[in-house]
Amino acid sequence: MGDIDRMLADVRALASRGDHHAIVARYGHIDDMPDEETWNSPELLYEIGRAFGMLGNEDKVERYLLRCADLAPRRAAVFHCAIGWYFQRKKKWTKALRWYDRALQSFPTYHLCLFRRGYCLEKLHRPREAVDALVRARDVWMQAGEEQRLRGRGVQVQVLFHLSRVLRDLADFDAAAETLDGCRLLDAETDPPAIRPEHLLACRAELLLRRGDSRGARALFEEARELDPTSSYVWERLGRVHELLGDHTEAEAAYQQAVALPRGAFA
(Lines give C-alpha, C1' and ligand atoms only; values in the text may rest on other atoms or scores of the structure.)
Protein backbone atom coordinates (compact mmCIF):
# COMPACT_ATOMS: atom_id res chain seq x y z
CA MET A 1 0.00 0.00 0.00
CA GLY A 2 3.02 2.28 0.35
CA ASP A 3 3.19 2.79 -3.42
CA ILE A 4 -0.53 3.57 -3.61
CA ASP A 5 -0.26 6.07 -0.76
CA ARG A 6 2.63 7.75 -2.56
CA MET A 7 0.70 7.84 -5.84
CA LEU A 8 -2.40 9.21 -4.12
CA ALA A 9 -0.41 11.97 -2.44
CA ASP A 10 1.17 12.84 -5.79
CA VAL A 11 -2.20 12.89 -7.58
CA ARG A 12 -3.78 15.09 -4.94
CA ALA A 13 -0.85 17.49 -5.03
CA LEU A 14 -1.15 17.77 -8.81
CA ALA A 15 -4.93 18.23 -8.53
CA SER A 16 -4.49 21.06 -6.02
CA ARG A 17 -2.34 22.82 -8.64
CA GLY A 18 -4.84 22.11 -11.41
CA ASP A 19 -2.32 20.00 -13.33
CA HIS A 20 -4.80 17.42 -14.62
CA HIS A 21 -2.74 16.67 -17.72
CA ALA A 22 0.12 15.47 -15.53
CA ILE A 23 -2.22 13.20 -13.55
CA VAL A 24 -3.50 11.58 -16.72
CA ALA A 25 -0.02 11.30 -18.23
CA ARG A 26 1.39 9.56 -15.14
CA TYR A 27 -1.55 7.50 -13.95
CA GLY A 28 -4.13 7.45 -16.73
CA HIS A 29 -3.30 3.93 -17.88
CA ILE A 30 -4.00 2.12 -14.62
CA ASP A 31 -7.12 0.62 -16.20
CA ASP A 32 -4.84 -1.20 -18.64
CA MET A 33 -3.36 -3.11 -15.69
CA PRO A 34 -6.35 -4.75 -13.94
CA ASP A 35 -4.08 -7.24 -12.14
CA GLU A 36 -2.16 -4.49 -10.36
CA GLU A 37 -3.18 -3.36 -6.87
CA THR A 38 -3.66 0.20 -8.16
CA TRP A 39 -6.86 -0.95 -9.91
CA ASN A 40 -8.24 -1.82 -6.48
CA SER A 41 -7.83 1.57 -4.78
CA PRO A 42 -11.09 3.58 -4.97
CA GLU A 43 -9.46 6.73 -3.58
CA LEU A 44 -6.76 6.72 -6.25
CA LEU A 45 -9.17 5.81 -9.06
CA TYR A 46 -11.58 8.54 -7.97
CA GLU A 47 -8.90 11.22 -8.22
CA ILE A 48 -7.78 9.97 -11.63
CA GLY A 49 -11.40 9.85 -12.81
CA ARG A 50 -11.87 13.46 -11.69
CA ALA A 51 -8.80 14.46 -13.69
CA PHE A 52 -10.21 12.78 -16.79
CA GLY A 53 -13.43 14.68 -16.13
CA MET A 54 -11.63 18.01 -16.10
CA LEU A 55 -10.12 17.09 -19.48
CA GLY A 56 -13.45 16.02 -20.97
CA ASN A 57 -12.92 12.29 -21.43
CA GLU A 58 -16.36 10.92 -20.54
CA ASP A 59 -15.55 7.27 -21.31
CA LYS A 60 -12.71 7.29 -18.79
CA VAL A 61 -14.79 9.17 -16.22
CA GLU A 62 -17.43 6.47 -16.35
CA ARG A 63 -14.88 3.64 -16.38
CA TYR A 64 -12.91 4.87 -13.38
CA LEU A 65 -15.84 5.98 -11.24
CA LEU A 66 -17.85 2.85 -11.95
CA ARG A 67 -14.83 0.85 -10.80
CA CYS A 68 -14.90 2.91 -7.59
CA ALA A 69 -18.57 2.00 -7.14
CA ASP A 70 -17.76 -1.69 -7.63
CA LEU A 71 -14.98 -1.53 -5.04
CA ALA A 72 -16.97 0.48 -2.49
CA PRO A 73 -20.65 -0.44 -3.00
CA ARG A 74 -21.76 1.37 0.17
CA ARG A 75 -20.52 4.62 -1.42
CA ALA A 76 -21.76 3.80 -4.92
CA ALA A 77 -24.28 6.66 -4.90
CA VAL A 78 -21.47 9.16 -4.36
CA PHE A 79 -19.61 7.89 -7.41
CA HIS A 80 -22.75 7.71 -9.55
CA CYS A 81 -23.59 11.28 -8.55
CA ALA A 82 -20.06 12.35 -9.48
CA ILE A 83 -20.56 10.93 -12.99
CA GLY A 84 -23.83 12.83 -13.21
CA TRP A 85 -22.05 16.02 -12.14
CA TYR A 86 -19.56 15.56 -14.99
CA PHE A 87 -22.40 15.43 -17.54
CA GLN A 88 -24.20 18.31 -15.84
CA ARG A 89 -21.11 20.50 -16.18
CA LYS A 90 -21.12 19.59 -19.87
CA LYS A 91 -24.81 20.64 -20.03
CA LYS A 92 -25.79 17.10 -21.00
CA TRP A 93 -28.85 17.25 -18.79
CA THR A 94 -30.49 13.97 -19.80
CA LYS A 95 -27.31 11.93 -19.29
CA ALA A 96 -26.77 13.60 -15.93
CA LEU A 97 -30.33 12.69 -14.91
CA ARG A 98 -29.74 9.02 -15.64
CA TRP A 99 -26.80 8.92 -13.24
CA TYR A 100 -28.60 10.92 -10.57
CA ASP A 101 -31.52 8.51 -10.80
CA ARG A 102 -29.12 5.61 -10.43
CA ALA A 103 -27.51 7.23 -7.37
CA LEU A 104 -30.91 7.80 -5.78
CA GLN A 105 -31.85 4.14 -6.20
CA SER A 106 -29.34 3.22 -3.49
CA PHE A 107 -29.44 6.51 -1.54
CA PRO A 108 -32.93 8.05 -1.94
CA THR A 109 -32.28 10.82 0.63
CA TYR A 110 -29.06 12.06 -0.98
CA HIS A 111 -29.56 15.82 -0.54
CA LEU A 112 -26.98 17.05 -3.06
CA CYS A 113 -28.10 14.54 -5.68
CA LEU A 114 -31.76 15.52 -5.29
CA PHE A 115 -30.81 19.16 -5.79
CA ARG A 116 -28.77 18.45 -8.90
CA ARG A 117 -31.57 16.30 -10.28
CA GLY A 118 -34.05 19.14 -9.78
CA TYR A 119 -31.65 21.57 -11.45
CA CYS A 120 -31.35 19.36 -14.53
CA LEU A 121 -35.13 18.97 -14.75
CA GLU A 122 -35.46 22.76 -14.56
CA LYS A 123 -33.01 23.08 -17.45
CA LEU A 124 -35.00 20.51 -19.44
CA HIS A 125 -38.18 22.60 -18.92
CA ARG A 126 -39.88 19.94 -16.85
CA PRO A 127 -41.00 22.22 -14.00
CA ARG A 128 -43.42 19.92 -12.19
CA GLU A 129 -40.85 17.14 -11.95
CA ALA A 130 -38.27 19.72 -10.92
CA VAL A 131 -40.55 20.90 -8.10
CA ASP A 132 -40.97 17.31 -6.89
CA ALA A 133 -37.19 16.75 -6.75
CA LEU A 134 -36.45 20.10 -5.11
CA VAL A 135 -39.24 19.71 -2.54
CA ARG A 136 -37.81 16.29 -1.65
CA ALA A 137 -34.36 17.85 -1.27
CA ARG A 138 -35.75 20.63 0.91
CA ASP A 139 -37.59 18.17 3.15
CA VAL A 140 -34.59 15.85 3.48
CA TRP A 141 -32.50 18.74 4.81
CA MET A 142 -35.20 19.89 7.20
CA GLN A 143 -35.52 16.39 8.67
CA ALA A 144 -31.75 15.92 9.06
CA GLY A 145 -29.74 16.28 12.25
CA GLU A 146 -28.16 19.57 13.26
CA GLU A 147 -24.64 18.67 12.12
CA GLN A 148 -25.84 17.39 8.75
CA ARG A 149 -27.97 20.51 8.27
CA LEU A 150 -24.95 22.67 8.96
CA ARG A 151 -22.87 20.80 6.38
CA GLY A 152 -25.63 20.98 3.76
CA ARG A 153 -26.71 24.57 4.36
CA GLY A 154 -25.09 25.97 1.20
CA VAL A 155 -26.78 23.32 -0.94
CA GLN A 156 -30.11 23.98 0.79
CA VAL A 157 -29.87 27.68 -0.08
CA GLN A 158 -29.51 26.69 -3.73
CA VAL A 159 -32.40 24.23 -3.41
CA LEU A 160 -34.68 27.03 -2.19
CA PHE A 161 -33.44 29.48 -4.82
CA HIS A 162 -34.20 27.13 -7.70
CA LEU A 163 -37.43 25.89 -6.14
CA SER A 164 -38.62 29.50 -5.98
CA ARG A 165 -37.78 29.98 -9.66
CA VAL A 166 -39.64 26.85 -10.73
CA LEU A 167 -42.69 27.70 -8.62
CA ARG A 168 -42.68 31.15 -10.20
CA ASP A 169 -42.62 29.61 -13.68
CA LEU A 170 -45.65 27.54 -12.66
CA ALA A 171 -47.39 30.81 -11.61
CA ASP A 172 -47.49 29.76 -7.95
CA PHE A 173 -46.35 33.23 -6.95
CA ASP A 174 -47.20 33.10 -3.24
CA ALA A 175 -45.25 29.89 -2.71
CA ALA A 176 -42.39 31.24 -4.85
CA ALA A 177 -42.19 34.41 -2.74
CA GLU A 178 -42.29 32.47 0.53
CA THR A 179 -39.57 30.10 -0.68
CA LEU A 180 -37.39 32.96 -1.87
CA ASP A 181 -37.73 34.68 1.50
CA GLY A 182 -36.59 31.47 3.18
CA CYS A 183 -33.65 31.30 0.77
CA ARG A 184 -32.58 34.85 1.62
CA LEU A 185 -32.80 34.24 5.38
CA LEU A 186 -30.82 31.01 5.22
CA ASP A 187 -28.20 32.51 2.91
CA ALA A 188 -27.68 35.36 5.37
CA GLU A 189 -26.57 32.71 7.89
CA THR A 190 -24.26 30.97 5.40
CA ASP A 191 -20.54 31.79 5.27
CA PRO A 192 -19.72 32.37 2.50
CA PRO A 193 -23.14 33.07 0.96
CA ALA A 194 -24.23 30.51 -1.63
CA ILE A 195 -26.09 32.94 -3.91
CA ARG A 196 -24.68 36.19 -5.26
CA PRO A 197 -26.70 39.19 -4.03
CA GLU A 198 -27.43 40.45 -7.54
CA HIS A 199 -28.94 37.06 -8.39
CA LEU A 200 -31.26 37.28 -5.39
CA LEU A 201 -32.25 40.82 -6.40
CA ALA A 202 -32.92 39.73 -9.98
CA CYS A 203 -35.00 36.76 -8.78
CA ARG A 204 -37.09 39.04 -6.56
CA ALA A 205 -37.46 41.48 -9.46
CA GLU A 206 -38.59 38.76 -11.84
CA LEU A 207 -41.22 37.65 -9.36
CA LEU A 208 -42.55 41.22 -9.07
CA LEU A 209 -42.57 41.47 -12.86
CA ARG A 210 -44.62 38.28 -13.18
CA ARG A 211 -47.07 39.73 -10.63
CA GLY A 212 -47.48 42.90 -12.67
CA ASP A 213 -45.41 45.26 -10.49
CA SER A 214 -43.19 46.67 -13.24
CA ARG A 215 -42.02 49.66 -11.26
CA GLY A 216 -41.00 47.56 -8.28
CA ALA A 217 -39.24 45.16 -10.63
CA ARG A 218 -37.38 48.02 -12.30
CA ALA A 219 -36.04 49.25 -8.96
CA LEU A 220 -34.70 45.82 -8.06
CA PHE A 221 -33.21 45.17 -11.49
CA GLU A 222 -31.47 48.54 -11.25
CA GLU A 223 -30.00 47.50 -7.89
CA ALA A 224 -28.80 44.27 -9.47
CA ARG A 225 -27.27 46.20 -12.37
CA GLU A 226 -25.32 48.36 -9.92
CA LEU A 227 -23.83 45.23 -8.41
CA ASP A 228 -23.11 43.58 -11.77
CA PRO A 229 -23.18 45.93 -14.77
CA THR A 230 -21.77 43.15 -16.99
CA SER A 231 -24.84 40.87 -16.73
CA SER A 232 -26.59 40.59 -20.09
CA TYR A 233 -29.54 38.96 -18.32
CA VAL A 234 -30.11 41.97 -16.03
CA TRP A 235 -29.83 44.42 -18.93
CA GLU A 236 -32.30 42.36 -20.99
CA ARG A 237 -34.81 42.31 -18.15
CA LEU A 238 -34.37 46.03 -17.63
CA GLY A 239 -35.16 46.47 -21.30
CA ARG A 240 -38.31 44.40 -20.87
CA VAL A 241 -39.42 46.44 -17.85
CA HIS A 242 -38.86 49.73 -19.69
CA GLU A 243 -40.81 48.33 -22.62
CA LEU A 244 -43.75 47.42 -20.40
CA LEU A 245 -43.67 50.89 -18.83
CA GLY A 246 -43.70 52.52 -22.26
CA ASP A 247 -40.14 53.89 -21.98
CA HIS A 248 -39.14 52.77 -25.46
CA THR A 249 -35.93 54.79 -25.74
CA GLU A 250 -34.65 53.39 -22.44
CA ALA A 251 -35.80 49.92 -23.46
CA GLU A 252 -33.87 50.04 -26.72
CA ALA A 253 -30.73 51.29 -24.97
CA ALA A 254 -30.94 48.47 -22.40
CA TYR A 255 -31.45 45.84 -25.08
CA GLN A 256 -28.50 47.20 -27.06
CA GLN A 257 -26.35 47.00 -23.93
CA ALA A 258 -27.50 43.43 -23.32
CA VAL A 259 -26.61 42.16 -26.79
CA ALA A 260 -23.19 43.83 -26.60
CA LEU A 261 -22.24 41.84 -23.49
CA PRO A 262 -20.99 38.24 -23.33
CA ARG A 263 -23.83 35.70 -23.57
CA GLY A 264 -26.06 38.52 -24.78
CA ALA A 265 -27.29 36.84 -27.94
CA PHE A 266 -30.50 35.67 -26.22
CA ALA A 267 -31.54 39.32 -25.74
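These exercises work through helix packing, nonpolar cores and one serine in a predicted model.

**Exercise 1. Find how H7 and H10 are oriented to each other, and which residues make their contact.**

Step 1. Locate the helices. H7 covers residues 111-123, and H10 covers residues 153-169.

Step 2. Read the geometry. The two helices pack at an angle of about 25°, and their axes lie 10 Å apart.

Step 3. Apply the cut-off. Angles under 35 degrees count as roughly parallel. H7 and H10 are therefore roughly parallel to each other. Their crossing is left-handed.

Step 4. List the contact. H7 supplies His111, Leu112, Phe115, Tyr119 and Glu122. H10 supplies Val155, Gln156, Gln158, Val159, His162, Arg165 and Val166.

Step 5. Sort by class. The contact of H7 with H10 holds 6 nonpolar, 4 polar and 2 charged residues.

**Exercise 2. Do the analysis again for H11 and H12.**

Step 1. H11 spans residues 173-188, and H12 spans residues 197-210.

Step 2. Their packing angle is about 165°, with the axes 11 Å apart.

Step 3. Angles over 145 degrees count as roughly antiparallel. H11 and H12 are therefore roughly antiparallel to each other. The crossing of H11 and H12 is left-handed.

Step 4. On the H11 side, the contact uses Phe173, Ala176, Ala177, Leu180, Cys183, Arg184 and Asp187. On the H12 side are Leu200, Cys203, Arg204, Leu207 and Arg210.

Step 5. The contact of H11 with H12 has 8 nonpolar and 4 charged residues, but no polar ones.

**Exercise 3. Describe the largest nonpolar core, then a second one.**

Step 1. The largest nonpolar core has 57 residues. Ile30, Leu44, Ile48, Tyr64 and Cys113 touch the most other members.

Step 2. Helix H5 (residues 76-89) gives this core its largest share, 8 residues.

Step 3. Zoom in on Ile30. Set aside its neighbours within four places in sequence. Ile30 then contacts Thr38, Trp39, Leu44, Leu45, Ile48 and Tyr64.

Step 4. A second, separate core contains 15 residues, among them Leu201, Ala202, Leu220 and Leu238.

**Exercise 4. Is Ser214 buried or exposed, and what does Ser214 contact?**

Step 1. Ser214 belongs to helix H13 (residues 214-227).

Step 2. Check the accessibility. Buried means under 20% relative accessible area. Ser214 has 14% relative accessibility, so Ser214 counts as buried.

Step 3. Find the partners. Beyond its neighbours within four places in sequence, Ser214 contacts Leu209, Val241, Leu244 and Leu245.

Step 4. Ser214 and Gln256 are 42 residues apart in sequence. In space, they are 20 Å apart, C-alpha to C-alpha.

Terms used
Residues numbered from 1 in each chain as written. Predicted model: local features only at pLDDT ≥ 70, side-chain atom pairs only at ≥ 80, totals over all residues. Heavy atoms only, no water. Axes fitted to C-alpha atoms, helices over the stretch in contact; angles between N-to-C directions. Helix = DSSP H or I, 4+ residues; strand = E, 2+ residues; numbered from the N terminus. Parallel < 35°, antiparallel > 145°, perpendicular 65-115°, else oblique. Left-handed = near helix turned anticlockwise from the far one by under 90°. Contact = heavy atoms within 4.5 Å. Nonpolar A, V, L, I, M, F, W, Y, C, P; charged D, E, K, R; others polar. Core = buried A, V, L, I, M, F, W, Y, C linked by side-chain atoms within 4.5 Å. Buried < 20%, exposed > 50% of the residue type's maximum accessible area, 1.4 Å probe, protein only.
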